[in-house]
Amino acid sequence: LMGRSTSAHMYIRRFKLEDIPKDEEGSAQWLSDLYLEKDQLLDSFHTTGKFEHQTLPSYPGVTQPPRPYTLGLSLAVNSCVVIPLAWVVLRGGLATLLTGIVVVGVAMAGIKYFIGITQISNSSDYGDKKKE
């Protein structure tokens, strides 16, 4: 939207259930190795722009064509909601206007709260390398 292109890069793998160790130590080691491979894939992507790993196959990227109808659909749906809502607020009295302001204020505060709890500063330190 707003004229900016959007892109997503993913490397998807499937694991057979019988390849995953059943014991706790084995599965913990398998998962740890999987995270190391993930970190190496991510590092290679940041440096080369491709997901490359010495033990994993490399696949060509897939690019989806732009979808021009999404902007039109978004404008149509938003118009169907905003225009009747604005009409009710403008035709209503002072109580309707104040109620609308309170509802919008509570919604904005809720959005700000939920964005705040997802900030990286509130995340765990799992996986951080300890500085010595």
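Arg13 is partly exposed, with a relative accessibility of 27%, where partly exposed denotes values between buried (under 20% relative accessible area) and exposed (over 50%), computed with a 1.4 Å probe on protein chains only. The model is predicted, so that local features require pLDDT of at least 70 and side-chain atom pairs count only at pLDDT 80 or more, whereas totals for chains, interfaces and linings use all residues. Residues are numbered from 1 along each chain as its sequence is written, and side-chain values rest on heavy atoms, with hydrogens and water left out.

Because Arg13 lies in the segment before helix H1 (24–48) and Glu37 in helix H1, the pair ties together parts that are 24 residues apart in sequence. Helices are DSSP runs of H or I with at least four residues, numbered from the N terminus. Glu37 is likewise partly exposed, at 22% relative accessibility.

By this criterion, the count of salt bridges is 2. Lys38 and Asp39 also form a salt bridge through their side chains, at an N to O distance of 2.8 Å. Lys38 is partly exposed at 41% relative accessibility, and Asp39 is partly exposed at 34%.

Helix H2 comprises 23 residues (69–91) and spans 33 Å from its first C-alpha to its last, close to the expected 33 Å, the expectation being 1.5 Å times one less than the number of residues. At Ser79, H2 bends by about 30 degrees, the bend being the angle between axes fitted to the seven residues ending at a residue and the seven starting there.

Notes
Helices (H or I, at least four residues) and strands (E, at least two) are DSSP runs, numbered from the N terminus. A salt bridge is a side-chain nitrogen of Lys or Arg within 4 Å of a carboxyl oxygen of Asp or Glu.
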